[in-house]
Amino acid sequence: MSKMTKSLLAASVLAATTLASGTALAGASANVGMVSDYIFRGIDQGSGATASAGLDYDISGFYVGTWVADVAVGAEYDLYAGYAGEVGGFSYDLGYITYNYTNDAFDDTYAEGALSIGYGPISASYAKGTYDNYGDELDYTFASITAEYKGMYATYGEHGDDFEGSYVELGYNTAIADWDAGIAIISADKELAGMTDADGDDVGDVSVVFSIGKSIDF
(Lines give C-alpha, C1' and ligand atoms only; values in the text may rest on other atoms or scores of the structure.)
Protein backbone atom coordinates (compact mmCIF):
# COMPACT_ATOMS: atom_id res chain seq x y z
CA MET A 1 0.00 0.00 0.00
CA SER A 2 1.62 3.24 -1.12
CA LYS A 3 2.21 6.20 1.19
CA MET A 4 -0.06 8.25 -1.10
CA THR A 5 -2.97 5.92 -0.43
CA LYS A 6 -2.33 5.95 3.31
CA SER A 7 -2.03 9.73 3.68
CA LEU A 8 -4.00 11.06 0.73
CA LEU A 9 -5.01 14.67 1.39
CA ALA A 10 -4.51 14.60 5.14
CA ALA A 11 -7.13 17.01 6.46
CA SER A 12 -9.83 15.98 8.86
CA VAL A 13 -13.59 16.25 8.48
CA LEU A 14 -13.33 19.36 10.63
CA ALA A 15 -11.10 20.98 8.03
CA ALA A 16 -13.70 20.55 5.30
CA THR A 17 -16.45 21.84 7.61
CA THR A 18 -14.31 24.82 8.56
CA LEU A 19 -13.66 25.80 4.95
CA ALA A 20 -17.35 25.69 4.12
CA SER A 21 -18.43 27.67 7.19
CA GLY A 22 -15.62 30.18 6.80
CA THR A 23 -17.02 31.37 3.49
CA ALA A 24 -20.54 31.84 4.77
CA LEU A 25 -20.10 35.32 6.31
CA ALA A 26 -17.98 38.30 5.28
CA GLY A 27 -15.04 39.04 7.54
CA ALA A 28 -12.57 37.02 9.57
CA SER A 29 -13.21 33.88 11.61
CA ALA A 30 -11.21 31.42 13.68
CA ASN A 31 -11.88 27.80 14.53
CA VAL A 32 -10.66 25.05 16.83
CA GLY A 33 -11.57 21.38 16.88
CA MET A 34 -10.68 17.81 17.71
CA VAL A 35 -11.49 14.41 16.23
CA SER A 36 -11.13 11.04 17.95
CA ASP A 37 -9.46 9.53 14.88
CA TYR A 38 -7.83 11.27 11.92
CA ILE A 39 -9.74 10.09 8.83
CA PHE A 40 -10.23 12.06 5.61
CA ARG A 41 -11.86 10.88 2.40
CA GLY A 42 -12.07 7.40 3.86
CA ILE A 43 -8.37 7.12 4.73
CA ASP A 44 -7.12 6.68 8.29
CA GLN A 45 -4.09 8.93 8.71
CA GLY A 46 -2.71 6.85 11.60
CA SER A 47 -2.47 9.87 13.91
CA GLY A 48 -5.20 8.93 16.40
CA ALA A 49 -6.95 11.82 18.15
CA THR A 50 -6.06 15.10 16.43
CA ALA A 51 -6.45 18.73 17.49
CA SER A 52 -6.75 21.51 14.91
CA ALA A 53 -7.09 25.26 14.51
CA GLY A 54 -7.68 27.59 11.58
CA LEU A 55 -8.16 31.15 10.36
CA ASP A 56 -10.34 32.33 7.46
CA TYR A 57 -11.14 35.60 5.77
CA ASP A 58 -13.72 36.23 3.07
CA ILE A 59 -15.12 39.21 1.22
CA SER A 60 -17.74 39.30 -1.54
CA GLY A 61 -17.47 35.53 -2.05
CA PHE A 62 -13.66 35.39 -2.24
CA TYR A 63 -11.93 33.62 0.62
CA VAL A 64 -8.47 32.71 1.88
CA GLY A 65 -7.52 30.62 4.88
CA THR A 66 -5.17 28.30 6.67
CA TRP A 67 -5.70 25.23 8.83
CA VAL A 68 -3.20 23.48 11.13
CA ALA A 69 -3.36 20.07 12.82
CA ASP A 70 -1.01 17.93 14.85
CA VAL A 71 -0.11 14.64 13.17
CA ALA A 72 1.92 11.59 14.19
CA VAL A 73 5.19 13.36 13.30
CA GLY A 74 5.19 17.17 13.30
CA ALA A 75 2.24 19.16 12.02
CA GLU A 76 0.15 19.59 8.88
CA TYR A 77 -0.65 23.06 7.58
CA ASP A 78 -3.06 23.76 4.72
CA LEU A 79 -3.30 26.95 2.67
CA TYR A 80 -6.32 27.62 0.48
CA ALA A 81 -8.17 30.27 -1.51
CA GLY A 82 -11.24 30.35 -3.71
CA TYR A 83 -14.61 31.80 -4.57
CA ALA A 84 -18.03 30.62 -3.36
CA GLY A 85 -21.54 31.77 -4.16
CA GLU A 86 -25.10 30.86 -5.08
CA VAL A 87 -27.13 31.19 -8.28
CA GLY A 88 -30.78 30.23 -8.62
CA GLY A 89 -30.71 27.98 -5.57
CA PHE A 90 -27.47 26.26 -6.64
CA SER A 91 -24.43 26.80 -4.44
CA TYR A 92 -20.90 26.49 -5.76
CA ASP A 93 -17.31 26.70 -4.51
CA LEU A 94 -14.22 26.78 -6.70
CA GLY A 95 -10.95 26.65 -4.80
CA TYR A 96 -7.27 25.73 -4.68
CA ILE A 97 -5.55 24.14 -1.69
CA THR A 98 -2.10 22.90 -0.74
CA TYR A 99 -1.46 20.32 2.01
CA ASN A 100 1.96 20.75 3.62
CA TYR A 101 3.89 19.07 6.44
CA THR A 102 6.57 20.29 8.83
CA ASN A 103 8.24 16.85 8.89
CA ASP A 104 8.92 14.92 5.67
CA ALA A 105 8.83 11.70 7.68
CA PHE A 106 5.04 11.97 7.80
CA ASP A 107 4.25 12.89 4.18
CA ASP A 108 5.06 15.09 1.19
CA THR A 109 3.14 18.02 -0.36
CA TYR A 110 -0.20 17.80 -2.17
CA ALA A 111 -1.85 20.53 -4.28
CA GLU A 112 -5.30 20.43 -5.88
CA GLY A 113 -8.01 22.43 -7.55
CA ALA A 114 -11.54 21.55 -6.45
CA LEU A 115 -15.12 22.33 -7.47
CA SER A 116 -18.22 21.67 -5.36
CA ILE A 117 -21.85 22.31 -6.24
CA GLY A 118 -25.04 21.84 -4.27
CA TYR A 119 -28.78 22.12 -4.54
CA GLY A 120 -31.06 21.59 -1.57
CA PRO A 121 -29.90 18.57 0.46
CA ILE A 122 -27.60 17.21 -2.29
CA SER A 123 -24.02 18.30 -2.97
CA ALA A 124 -21.18 16.94 -5.10
CA SER A 125 -17.47 17.68 -5.36
CA TYR A 126 -14.59 16.91 -7.68
CA ALA A 127 -10.88 17.52 -7.07
CA LYS A 128 -7.83 17.01 -9.27
CA GLY A 129 -4.31 17.39 -7.99
CA THR A 130 -0.70 16.32 -7.80
CA TYR A 131 1.33 14.66 -5.07
CA ASP A 132 5.06 15.50 -4.93
CA ASN A 133 5.89 11.98 -3.65
CA TYR A 134 9.47 12.88 -2.76
CA GLY A 135 10.43 13.80 -6.32
CA ASP A 136 8.33 11.17 -8.14
CA GLU A 137 5.21 13.25 -8.88
CA LEU A 138 1.86 11.44 -9.10
CA ASP A 139 -1.64 12.56 -10.14
CA TYR A 140 -4.89 11.95 -8.31
CA THR A 141 -8.60 12.72 -8.51
CA PHE A 142 -11.36 12.54 -5.94
CA ALA A 143 -15.14 12.72 -6.43
CA SER A 144 -17.94 12.58 -3.88
CA ILE A 145 -21.68 13.01 -3.47
CA THR A 146 -23.43 13.84 -0.19
CA ALA A 147 -27.07 13.88 0.94
CA GLU A 148 -28.13 15.69 4.14
CA TYR A 149 -31.31 15.68 6.23
CA LYS A 150 -31.84 17.32 9.64
CA GLY A 151 -28.24 16.96 10.75
CA MET A 152 -27.81 13.48 9.27
CA TYR A 153 -25.71 12.93 6.16
CA ALA A 154 -24.47 10.18 3.86
CA THR A 155 -21.40 10.48 1.62
CA TYR A 156 -19.95 8.26 -1.08
CA GLY A 157 -16.42 9.10 -2.19
CA GLU A 158 -14.09 7.61 -4.79
CA HIS A 159 -10.38 8.12 -5.53
CA GLY A 160 -9.05 7.87 -9.08
CA ASP A 161 -6.30 8.47 -11.65
CA ASP A 162 -3.02 6.99 -10.32
CA PHE A 163 -4.84 5.73 -7.22
CA GLU A 164 -8.05 3.89 -6.42
CA GLY A 165 -10.43 3.15 -3.59
CA SER A 166 -13.82 4.20 -2.29
CA TYR A 167 -15.68 4.66 0.99
CA VAL A 168 -19.10 5.34 2.48
CA GLU A 169 -19.61 7.69 5.43
CA LEU A 170 -22.77 8.04 7.52
CA GLY A 171 -22.90 10.74 10.17
CA TYR A 172 -24.85 13.10 12.37
CA ASN A 173 -23.93 16.68 13.37
CA THR A 174 -25.58 18.76 16.08
CA ALA A 175 -24.98 21.80 18.28
CA ILE A 176 -24.20 21.40 21.98
CA ALA A 177 -24.21 24.79 23.68
CA ASP A 178 -21.89 26.89 21.47
CA TRP A 179 -20.01 23.86 20.09
CA ASP A 180 -20.57 21.72 17.00
CA ALA A 181 -20.43 17.98 17.71
CA GLY A 182 -20.64 15.00 15.41
CA ILE A 183 -20.34 11.26 15.03
CA ALA A 184 -19.53 9.39 11.82
CA ILE A 185 -19.31 5.75 10.76
CA ILE A 186 -16.84 5.32 7.90
CA SER A 187 -16.57 2.15 5.83
CA ALA A 188 -13.46 2.04 3.61
CA ASP A 189 -12.84 -0.60 0.95
CA LYS A 190 -9.72 -2.75 0.91
CA GLU A 191 -7.78 -0.33 -1.33
CA LEU A 192 -8.10 2.42 1.28
CA ALA A 193 -8.08 0.44 4.52
CA GLY A 194 -4.59 -1.04 4.29
CA MET A 195 -5.62 -4.01 6.44
CA THR A 196 -5.29 -7.78 6.04
CA ASP A 197 -7.15 -10.74 7.50
CA ALA A 198 -5.68 -13.86 9.12
CA ASP A 199 -4.91 -15.27 5.66
CA GLY A 200 -3.03 -12.14 4.61
CA ASP A 201 -5.73 -10.97 2.19
CA ASP A 202 -6.61 -7.28 1.90
CA VAL A 203 -9.89 -6.36 3.61
CA GLY A 204 -11.94 -3.23 4.25
CA ASP A 205 -12.34 -1.42 7.54
CA VAL A 206 -15.09 0.33 9.52
CA SER A 207 -14.31 3.22 11.89
CA VAL A 208 -16.36 5.36 14.28
CA VAL A 209 -15.19 8.96 14.66
CA PHE A 210 -16.33 11.59 17.18
CA SER A 211 -15.70 15.29 16.54
CA ILE A 212 -16.16 18.59 18.33
CA GLY A 213 -15.39 22.09 17.14
CA LYS A 214 -16.14 25.76 17.49
CA SER A 215 -15.98 28.72 15.12
CA ILE A 216 -15.75 32.39 16.15
CA ASP A 217 -16.52 35.32 13.85
CA PHE A 218 -14.68 38.61 14.33
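**Surface, core and charged pairs in a predicted model**

F218 is exposed, with a relative accessible area of 66%, where exposed denotes over 50% relative accessible area, buried under 20% and partly exposed in between, calculated with a 1.4 Å probe on protein chains only. The structure is a predicted model, in which local features need pLDDT of at least 70 and side-chain atom pairs count only at pLDDT 80 or more, whereas totals for chains, interfaces and linings use all residues. Residues are numbered from 1 along each chain as its sequence is written, and side-chain values rest on heavy atoms, with hydrogens and water left out.

F218 is located in the segment after β16 (205-217); helices (H or I, at least four residues) and strands (E, at least two) are DSSP runs numbered from the N terminus. Although F218 and G27 are separated by 191 residues in sequence, their C-alpha atoms are 6.8 Å apart. When residues up to four places away in sequence are not counted, F218 touches A28, S29 and A30, a contact being defined as heavy atoms within 4.5 Å.

The protein chain contains three helices and 16 strands, and buried residues account for 42% of its 218 residues. Of the contacts between residues at least 6 apart in sequence, 44% join residues at least 24 apart. The accessible surface of the chain, computed by the Shrake-Rupley method with a 1.4 Å probe, comes to about 10900 Å², and 61% of this surface belongs to carbon and sulfur atoms.

In soluble globular proteins, nonpolar side chains tend to be buried together. A nonpolar core is here a set of buried Ala, Val, Leu, Ile, Met, Phe, Trp, Tyr and Cys residues joined through side-chain atoms within 4.5 Å. The largest such core has 15 residues, and those with the most contacts inside it are Y38, W67, Y80, Y99, Y101, Y110 and Y140. Strands β5 (62-70), β6 (75-87) and β7 (90-101) each supply at least two residues of this core. Another core, of 11 residues, lies apart from the largest one and includes I39, F142, A188 and V209.

Aromatic rings of Phe, Tyr and Trp (its six-membered ring) were paired if their centres lie within 6.5 Å, with planes under 30 degrees apart counted as stacked, over 60 as edge-to-face and the rest as tilted. By this rule there are 10 aromatic pairs. The ring centres of Y110 and Y140 are 6.3 Å apart and their planes stand at 70°, so this pair is edge-to-face. Because Y110 lies in strand β8 (residues 110-119) and Y140 in strand β10 (residues 138-149), the pair ties together parts that are 30 residues apart in sequence.

Two salt bridges are found in the whole structure, each requiring a side-chain nitrogen of Lys or Arg within 4 Å of a carboxyl oxygen of Asp or Glu. In one of them E112 pairs with R41, the closest N and O atoms being 3.2 Å apart; E112 is in strand β8 and R41 in the loop between β2 (39-40) and β3 (43-44), 71 residues apart. E112 is buried, with a relative accessible area of 2%, and R41 is also buried, at 12%. The side chains of K128 and D161 meet in a salt bridge at 3.3 Å, N to O. K128 is part of strand β9 (residues 122-131) and D161 of strand β11 (residues 152-161), so this pair ties together parts that are 33 residues apart in sequence. K128 counts as partly exposed at 47% relative accessibility, and D161 likewise counts as partly exposed at 47%.
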